[in-house]
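Open the model in a viewer and keep the selection panel at hand.

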Amino acid sequence: DLDASLQGLQLLLCNPKQGAVKVLGSSPTSSSGSGFTAASGDAQLEALLRVKAALDSTGGVLCDWTRANGARGGYCSWKGVRCTEGTILVYWISMWAGSGIQGLKGSLPPAAAFAGLGALKSITVSDQPGVTGKLPVDWSRMTQLQDIRVANNSLTGSMPSSWSALS
């Protein structure tokens, strides 16, 4: 039973031709404690820049996502990024029209792109017809995720069976 193996995880998968499939679970939560060091801040910045490289191949949509603007936790003020209050730990990445991000072109990055984002609980990439490819099989390694939303993109294929390991 796929639903049982995904208990506690909230997924929203959508194929415009077939409609949405939602598996309910817990809501995103924020991490406690800052856990920040200069090295971890740099790792988060580098991870966010890797995510940008995969999803914004033209470089025009996430133009504020730069190394200079993200230094010393500046990425916490980037459109589509939220950090735990009082820290610079990224717990939420949301790229959809409602967050003011529209027109991405690229593909969902592999799990390795998110290395350094240990507090990340939620990823949304929706309403981006220029986002193509398949759901990354290796996202199942990001076991800290509690909420994955991918809807109204141009993704193909089905949900990877490896995602059943997420909880």
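A nonpolar core is a set of buried Ala, Val, Leu, Ile, Met, Phe, Trp, Tyr and Cys residues joined through side-chain atoms within 4.5 Å, where buried means under 20% relative accessible area with a 1.4 Å probe, protein chains only. The model is predicted: local features need pLDDT of at least 70, side-chain atom pairs count only at pLDDT 80 or more, and totals for chains, interfaces and linings use all residues. Residues are numbered from 1 along each chain as its sequence is written, and side-chain values use heavy atoms, leaving out hydrogens and water.

Select Leu48, Val90, Met95, Phe114 and Trp139: these have the most contacts inside the largest nonpolar core, which has 35 residues. Helix H2 (38–55) gives the most to this core, with 6 residues; helices (H or I, at least four residues) and strands (E, at least two) are DSSP runs, numbered from the N terminus.

Next, select Phe114. Beyond its neighbours within four places in sequence, its contacts (heavy atoms within 4.5 Å) include Ala47, Val51, Ile123 and Trp139.

Now show the rings. The whole structure has 4 aromatic pairs, that is, rings of Phe, Tyr and Trp (its six-membered ring) with centres within 6.5 Å; planes under 30 degrees apart count as stacked, over 60 as edge-to-face and the rest as tilted. Tyr75 and Trp78 are edge-to-face, at 6.3 Å centre to centre and 70° between the planes. Both Tyr75 and Trp78 are buried. Trp139 and Trp163 are stacked, because their ring centres are 6.0 Å apart and their planes at 5°. Trp139 is buried at 0% relative accessible area.

Conventions: Buried < 20%, exposed > 50% of the residue type's maximum accessible area, 1.4 Å probe, protein only.
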